Amino acid sequence: MDMHPEDVKAEIRKRGTTVAGLAKANGVSVQTLSRAIHARTSAAAESIIAEFIGRPAGDIWPSRYDDNGRRLSILELRKVTA
């Protein structure tokens, strides 16, 4: 359902940088972006990645967003995965 983490990283590389470079350019840690790629942690980090690769975050991680593109809360995500 969600884009594979390696595909997300490949999209970043195709656009001329790395996860580390994207993190530095946006003043966040590499771990913050890595966690966003692999886990449901940060809407802000997801937004950085989505904007950079030119796709809505809900298209990259549909399990984390509703049909209207609103990010699901942690409680809503737990209900979906339970």
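**Figure 1. Crossing of helices H3 and H4 in the predicted model.** The axes of H3 and H4 come within 9 Å, and they cross at roughly 85°. The two helices are therefore roughly perpendicular to each other, since angles of 65 to 115 degrees are counted in that class. Two packed helices are described by the angle between their axes and the distance between the axes. On the H3 side, the residues that meet H4 are Thr32, Leu33, Ala36 and Ile37. Their partners in H4 are Ala45, Glu46, Ile48 and Ile49. By class, this contact comprises six nonpolar residues, one polar residue and one charged residue.

**Figure 2. The buried face of helix H3.** Helix H3 covers residues 30-38, and Leu33, Ala36 and Ile37 are buried within it. Seen down the axis of H3, these buried residues fall within an arc of 100°, so they line one face of the helix. Their cover includes helix H1 (5-14), helix H2 (19-25) and helix H4 (43-53). Leucine 33 illustrates this packing: leaving aside neighbours within four places in sequence, leucine 33 is in contact with Val19, Leu22, Ala23, Val28, Ala45, Ile48 and Ile49.

**Figure 3. Valine 30 in helix H3.** Valine 30 has a relative accessibility of 35% and therefore counts as partly exposed, because that class lies between the limits of 20% for buried and 50% for exposed residues. When neighbours within four places in sequence are left aside, the contacts of valine 30 are Val19, Ala20 and Ala23. Valine 30 and arginine 40 are 10 residues apart along the chain, and 15 Å separates their C-alpha atoms.

**Figure 4. Glycine 27 in the loop between H2 and H3.** With a relative accessibility of 69%, glycine 27 counts as exposed, a class that begins over 50%. The C-alpha atoms of glycine 27 and leucine 75 are separated by 28 Å. Along the chain, these two residues are 48 residues apart.

**Figure 5. The buried residues of helix H1.** In H1, the buried residues are Pro5, Val8, Glu11 and Ile12. Viewed down the axis of H1, they fall within an arc of 120°, so they line one face of the helix. These buried residues pack against H2, H3, H4 and H5. Just after H1, glycine 16 takes a positive phi of about 100°.

**Figure 6. The buried residues of helix H4.** Ala45, Glu46, Ile48, Ile49, Ala50 and Ile53 are the buried residues of H4. What covers them includes H1, H2, H3 and H5. Just after H4, glycine 54 has a positive phi of about 75°.

**Figure 7. The largest nonpolar core.** This core contains 18 residues, of which Val8, Ile12, Leu33, Ile49 and Ile60 touch the most other members. At least two residues of the core are supplied by each of H1, H2, H3, H4 and helix H5 (57-60). The largest share, five residues, comes from H4. In soluble globular proteins, nonpolar side chains tend to be buried together.

Conventions: Residues are numbered from 1 along each chain as its sequence is written. This is a predicted model: local features need pLDDT of at least 70, side-chain atom pairs count only at pLDDT 80 or more; totals for chains, interfaces and linings use all residues. Side-chain values use heavy atoms; hydrogens and water are left out. Buried means under 20% relative accessible area, exposed over 50%, partly exposed in between (1.4 Å probe, protein chains only). Helices (H or I, at least four residues) and strands (E, at least two) are DSSP runs, numbered from the N terminus. The arc is that of the directions from the helix axis to the C-beta atoms. Contact means heavy atoms within 4.5 Å. Axes are lines fitted to C-alpha atoms, for helices over the stretch in contact, and angles run from 0 to 180 degrees between N-to-C directions. Angles under 35 degrees count as roughly parallel, over 145 as roughly antiparallel, 65 to 115 as roughly perpendicular and the rest as oblique. Ala, Val, Leu, Ile, Met, Phe, Trp, Tyr, Cys and Pro count as nonpolar, Asp, Glu, Lys and Arg as charged, and the others, Gly among them, as polar. A nonpolar core is a set of buried Ala, Val, Leu, Ile, Met, Phe, Trp, Tyr and Cys residues joined through side-chain atoms within 4.5 Å.
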